[in-house]
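Take a look at the chain below. The text after it walks through the fold, then through a few side-chain pairs.

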Amino acid sequence: MFKDILTSLLLSAGLLLSTQLQADEQKVGDWTVNYNALPSTFLTPEVARANNIERSRYNGLLNIVVLDPKGKTLQVNMSGEGKSLIGTVRKLEFQTIREGDAIYYLAQYPIRNEENVLFTINISTPDQSDVLTFRHTFYTD
């Protein structure tokens, strides 16, 4: 289900992606959270400009979708941070993107080549609050 949503979102947003881009999935409480991290250079210049995203080899992008138990995308509050292996912590600022029934969240993150980052994302609704954590290594192109 998420792969269909992600494909639809990425295609409708005009993202040009390599076949190496894969979404990961985690069960977080009652939700299924699908996420990926990618270089912002995967965006076309038009899409980056339209969404106020800096397109740079030193700028990563997080894409997160939260699904309810029936597979429907949820509107949530999201905040978080990324922490590098040397202890540098950067706050994440998410923007909400709505396309039809789909809702997804984007955040930019400054990167260096082969930087390994632990992301901690707080996700909440009025009924539930939980945390998504994942580690990702960025590579500049």
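**A walk through the chain**

At 1% relative accessibility, Phe 138 counts as buried. Here buried means under 20% relative accessible area, exposed means over 50%, and partly exposed lies in between, with a 1.4 Å probe and protein chains only. The model is predicted, so local features need pLDDT of at least 70 and side-chain atom pairs count only at pLDDT 80 or more, while totals for chains, interfaces and linings use all residues. Residues are numbered from 1 along each chain as its sequence is written, and side-chain values use heavy atoms, with hydrogens and water left out.

Start with the whole chain. It has two helices and nine strands. These are DSSP runs numbered from the N terminus: helices are H or I with at least four residues, strands are E with at least two. From the N terminus on, the order is α-β-β-α-β-β-β-β-β-β-β. The chain has 141 residues, and 48% of them are buried. Its accessible surface comes to about 7,900 Å², and carbon and sulfur atoms hold 46% of that. Such areas come from the Shrake-Rupley method with a 1.4 Å probe; for residues, only the protein chains shown count as cover. Now take the contacts with a separation of 6 or more: 59% of them join residues 24 or more positions apart. A contact means heavy atoms within 4.5 Å.

Strand β1 (residues 24-28) and strand β2 (residues 31-39) run antiparallel, joined by five bridges. Two strands pair if DSSP finds at least two bridges between them. Glu 25 has Asn 34 in β2 as its bridge partner. Two residues lie between the strands of this hairpin, and Gly 29 takes a positive phi near 60° there.

Now turn to an open sheet. Its four strands have the order β5-β4-β8-β9, with antiparallel pairing. β5 and β9 (129-138) are the edge strands, and each pairs on one side only. Neighbouring strands of the sheet are turned by 20° against each other on average, direction ignored. The axes behind this angle are lines fitted to C-alpha atoms, for helices over the stretch in contact; angles run from 0 to 180 degrees between N-to-C directions. Within the sheet, eight bridges join β4 to strand β8 (residues 115-124). Gly 82 stands opposite Phe 119 in β8.

Which side chains meet in a salt bridge? Glu 81 and Lys 91 do, at 3.7 Å, N to O. The pair links distant parts of the chain: Glu 81 sits in strand β4 (residues 77-84) and Lys 91 in strand β5 (residues 89-92), ten residues apart. A search of the whole structure finds one salt bridge. The term requires a side-chain nitrogen of Lys or Arg within 4 Å of a carboxyl oxygen of Asp or Glu. Glu 81 is partly exposed, at 26% relative accessible area. Lys 91 is exposed, at 67%.

Finally, the rings. The structure holds five aromatic pairs. Rings of Phe, Tyr and Trp (its six-membered ring) pair if their centres lie within 6.5 Å; planes under 30 degrees apart count as stacked, over 60 as edge-to-face and the rest as tilted. Phe 119 and Phe 138 have ring centres 6.2 Å apart and planes at 80°, so this pair is edge-to-face. It joins distant parts of the chain, with Phe 119 in strand β8 and Phe 138 in strand β9, 19 residues apart. Phe 119 is buried, with a relative accessible area of 0%. Both rings belong to one aromatic cluster, formed by Tyr 35, Tyr 109, Phe 119, Phe 134 and Phe 138.
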